[in-house]
Amino acid sequence: MIMSPVPSIQARLRLAYDQFALDVDLNLPASGVTVLFGHSGSGKTTLLRCIAGLERPTQGFLKIGATLWQDSEHDFFLPTHRRNLAYVFQEANLFPHLSVRGNLDYAVRRLRTKDRLFSLEQAIELLAIGPLLARLPARLSGGERQRVAIARALAASPDVLLMDEPLAALDEQRKQDILPYLTGLHQNLQIPILYVTHSLQEVNQLADHLLVLAAGKVVACGPLAETLTRLDGPMALDRQAASVWQGKLVSHEAEYHLSHAEFAGGSLSLPYLDMPVGSPVRIRIYARDVSITLQPPEASSILNILPASVLALSAMGQGQTVVQLAVGEEVLLAHITQKSAMLLNVRPGMAVYVQIKGTSIVR
Ligand SMILES: Nc1ncnc2c1ncn2[C@@H]1O[C@H](COP(=O)(O)OP(=O)(O)OP(=O)(O)O)[C@@H](O)[C@H]1O
């Protein structure tokens, strides 16, 4: 594990354009991926640009670990080039006349040896770009270019890594190719990564923390599993609402093409995973794939049935109800019809069983 001295990010930022105002007060974790999520125009890029010093908020206080980057009350504003950050954009922006190695060396050259959090070789290894070092950017695929851009950002040993939709310009296949490298990053680095996306898939796969913006304001912020399942947050009411559970692969049942994994919520059978026993797994369970029964079903084609208790429920319009359930130590969402909620008399505190019709592996 590579340690960084940065404890956390404190940001109180206010900025007004003609038609839009950003107004946030944040305390973000020192490590892991914080995903900034929200509709187009909600202010994700503006927030990242404020942190980078590319916009100057009228009122701003920004501290990265122990280092003050901005304090408008004392008229202090550290310019971008003096902020130890790296920014990865949709397009890789590599120097076209330099090889991959040349691009990486350029990022490292400015660093004093003592400022290096880790070596260039580690960045090359994390992004698996060793075989590409001699090539010019024009001879790389879009996904490879983006991996080089991320390695270059890391090679600069930033105190914070800002990523603005780094996969948005790639096709679906390239996204799938690059996502495992991104998930590896936060397991290997102790720097905060702020990652902007519109994609719920990227949220489910990458986020440790989730920050949801709407019209320039924070509407939810916290650890991923908690933020996804809060009934007063925007995520639980979405048609694509899902709970994300993290656990460990415990066995395979090859003849049925199944694997079994343990979570704080209980054991689940999953479609076969070609991973060794003991591997960490992260699954997404869509709320629409969860149903509720009062008795354990005696005969059911559904393999995953777990005891649960109802924590809370809320009408979500169009005849649907969202139910928040405690399953072991985990929280699970179910979307059921309002009529079912009424017929089963679903209420907080009630003991039930959840049937999970499908799960998908997100990591
Ligand atoms: N320099 C500017 N001057 C005026 N308005 C701006 C400026 N930059 C951004 N805006 C406005 O601020 C709002 C937020 O923009 P921003 O790019 O931060 O949103 P976003 O959430 O990143 O959107 P997207 O997901 O589409 O990239 C938008 O309404 C945008 O039009």
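The C-alpha centres of domain 1 and domain 2 lie 33 Å apart. Domain 1 covers residues 8-229 and domain 2 covers residues 242-361, with bounds that come from an automatic or database domain assignment. This is a predicted model, in which local features need pLDDT of at least 70 and side-chain atom pairs count only at pLDDT 80 or more, while totals for chains, interfaces and linings use all residues. Residues are numbered from 1 along each chain as its sequence is written.

**Confidence**

- pLDDT is the predictor's confidence in each residue, on a scale from 0 to 100.
- The protein chain has a mean pLDDT of 90, and 96% of its residues reach 70 or more.
- Within the protein chain, confidence is highest in strand E18 (residues 320-327), at a mean of 97, and lowest in strand E21 (residues 360-361), at 76.
- Helices (H or I, at least four residues) and strands (E, at least two) are DSSP runs, numbered from the N terminus.
- Over residues 1-6 pLDDT stays under 50, and the model has 18 contacts beyond four places in sequence for them.
- Where pLDDT is low, the predicted coordinates should not be read in detail.
- For the complex, the predictor gives an ipTM of 0.96 and a pTM of 0.89.

- Domain 1 puts 5 residues into the contact and domain 2 puts in 7 residues; two residues are in contact if their C-beta atoms, placed from the backbone, lie within 7 Å.
- On the side of domain 1 that touches domain 2, helix H7 (residues 224-229) gives the most, with 4 residues.
- That side of domain 1 has 3 nonpolar, 2 polar and no charged residues.
- In this classing, Ala, Val, Leu, Ile, Met, Phe, Trp, Tyr, Cys and Pro are nonpolar, Asp, Glu, Lys and Arg are charged, and the others, Gly among them, are polar.

**The largest nonpolar core**

- A nonpolar core is a set of buried Ala, Val, Leu, Ile, Met, Phe, Trp, Tyr and Cys residues joined through C-beta atoms within 7 Å.
- A residue is buried if 20 or more other C-beta atoms lie within 10 Å of its own, exposed if 12 or fewer, and partly exposed in between, with C-beta atoms placed from the backbone.
- The largest core has 95 residues, and the members that touch the most others are Val 35, Ala 151, Leu 162, Leu 210, Leu 332 and Val 354.
- Helix H4 (residues 142-155) gives the most to this core, with 7 residues.
- Each of domain 1 and domain 2 supplies at least three residues to this core.
- Beyond its neighbours within four places in sequence, Ala 151 is in contact with Leu 104, Ala 123, Ile 124, Leu 127 and Ile 129.

- H4 is largely enclosed by the rest of the structure, because 13 of its 14 residues are buried.
- At 1.5 Å a residue, the 14 residues of H4 should span 20 Å, and this agrees with its end C-alpha atoms, which are 20 Å apart; the expected span is 1.5 Å times one less than the number of residues.
- Ser 157 follows H4 and has a positive phi, near 50°.
- Helix H1 (residues 44-52) is mostly covered, with 7 of its 9 residues buried.
- The buried residues in H1 include Leu 47, Leu 48 and Ile 51, and also Lys 44 and Arg 49.
- Gly 53 follows H1, with a positive phi near 80°.

**Two residues in strands**

- Gly 222 is in strand E11 (residues 217-223) and counts as partly exposed because it has 15 C-beta neighbours inside 10 Å.
- Leaving out residues up to four places away in sequence, Gly 222 touches His 209, Leu 210 and Thr 227.
- Glu 262 is in strand E13 (residues 258-263) and is partly exposed, since 15 other C-beta atoms lie within 10 Å.
- Leaving aside neighbours within four places in sequence, Glu 262 is in contact with Gly 247, Lys 248, Val 250 and Ser 267.

**Two loop residues with positive phi**

- His 257 lies in the loop between strand E12 (242-253) and E13, and has a positive phi of about 55° although it is not a glycine.
- His 257 is exposed, because 9 other C-beta atoms lie within 10 Å.
- Asn 345 lies in the loop between helix H8 (338-343) and strand E20 (351-356), and its phi is positive, near 55°.
- Asn 345 counts as exposed because it has 8 C-beta neighbours inside 10 Å.
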